[in-house]
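Q: I have a new model open and would like to learn how to read it feature by feature. Could we go through it together?

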Amino acid sequence: MSKREIHSMPRRALGILCCMAVSSALMAQPKPPRPGFNLFSKAQDVQLGREAAAEVEKQYTIVNDAQLNAYVSRIGKKLASQPEAEDYPYTFKVVSDNTINAFALPGGPTFINTGLIAAVDNEAQLAGVMAHEISHVALRHGTNQVSKANLIQLPAMLAGTMAGKSLAGQLAQLGIGFGANSVLLKYSRNAERDADLLGTRILNGAGYNPVEMARFFEKLNAEAGSARTMQFFSSHPNPGNRVKAVEDLIQYLPARQYNEGSTSELARMKQIVAKLPKPREKK
């Protein structure tokens, strides 16, 4: 339709045309990914995460540096305050481990390796990995996988936890542990794709450029197979072309003035990480 034809249209018809254009754009916007099949309640996710976190802290060395913890918690709280993160009691702790990794347990306990902090180029990349992990919590990927793998045994077991039994202990009887190879932390490519897409929304809302998340994952992909990245890719398979998927979604999200965070503050955190004692061997 030409400009002359548009200007000659009655005002009411022009209004209808504009409404149709807006409606069409809204219909084209991709819907956020949603949690899948799950036999656990959200409260059981929180209970399981709390119990599992206690086990994880026996296996890993938790860094108690006040500046480092405050930095990571500040980023984490900004991300967790976004509506897409859902209302879970998120916590953020730093693990003394030189491999590039982060992981989140059901219900919100999130752990960031010192190796990840050392590897990121800017705060937006660190926030991107954390938003990705928060998305696994919000989408309940861990308990979704356990539910699908233990469809027959779980209902009776979960009923037992109503009597006050340890949820982690009940899962241990099914052979489900809480180490790096736990089914709770090994995701499918579809789960990784959905965590990327929800993480994009969380990052955008928090004022970080979501493309930095995808760029960092692509950077890791170039190192795939190295000792530094082996643990990450064993639980986070690459869903493919992350940068394009994130860029495609960004065009539908509200425009933001993006912030990569303080370069000097990240540099200070890297210095703290570099001076930490050598990580102890995992149990």
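Q: What volume does the largest pocket have, and which residues line the largest pocket?
A: This is a predicted model, and its largest pocket has a volume of about 160 Å³. The lining is made up of R34, P35, G36, L139, H141, N144, Q145, K148, S188, N190, A191 and D194. Helix 7 and helix 10 are the elements that give two or more residues to that lining.

Q: Which helix gives the most to the lining of the largest pocket?
A: That is helix 7, with four residues.

Q: How should I read a helix, and which residues of helix 4 are buried?
A: Start with the general idea: an α-helix has 3.6 residues a turn, so residues three or four places apart point the same way. In this model, the buried residues of helix 4 are L68, N69, Y71, V72, S73, I75, G76, L79 and A80. They pack against strand 1 (91-95), strand 3 (109-113), helix 5 (114-119), helix 6 (123-138), helix 10 (189-206) and helix 14 (263-275).

Q: How far does helix 4 reach from its first C-alpha to its last, and what does D65 do at the start of helix 4?
A: Helix 4 (residues 66-80) has 15 residues and reaches 20 Å, close to the 21 Å expected. At its start, a side-chain oxygen of D65 comes to within 3.1 Å of the backbone nitrogen of Q67.

Q: Now the nonpolar core: which residues of the largest one touch the most other members?
A: In soluble globular proteins, nonpolar side chains tend to be buried together. Here the largest nonpolar core has 50 residues, and L79, Y90, L116, I117, L126 and F216 touch the most other members. Helix 6 supplies the largest share of this core, nine residues. A second, separate core has 23 residues, including F111, V146, M157 and L185.

Q: Which residues is L79 in contact with?
A: Leaving aside neighbours within four places in sequence, L79 is in contact with A85, A127, M130, A131, I134, I202, L203, A206 and Y208.

Q: And how many helices and strands does the chain have?
A: The chain has 14 helices and three strands. Of its 283 residues, 49% count as buried.

How values were computed
Residues are numbered from 1 along each chain as its sequence is written. This is a predicted model: local features need pLDDT of at least 70, side-chain atom pairs count only at pLDDT 80 or more; totals for chains, interfaces and linings use all residues. Side-chain values use heavy atoms; hydrogens and water are left out. The expected span of a helix is 1.5 Å times one less than its number of residues. Buried means under 20% relative accessible area, exposed over 50%, partly exposed in between (1.4 Å probe, protein chains only). Contact means heavy atoms within 4.5 Å. A polar contact is a pair of N or O atoms within 3.5 Å; within protein, one must be able to donate a hydrogen and the other to accept it, and residues adjacent in sequence count only if both atoms are side-chain atoms. A nonpolar core is a set of buried Ala, Val, Leu, Ile, Met, Phe, Trp, Tyr and Cys residues joined through side-chain atoms within 4.5 Å. On a 1 Å grid over the protein atoms alone, a cavity is a set of points where a 1.4 Å probe fits but cannot get out, and a pocket is an open set with protein on both sides within 12 Å along at least five of seven lines; lining residues have an atom within 4 Å of a point. Grid points are joined across faces, edges and corners, and a volume is the space filled by probe spheres set on the points.
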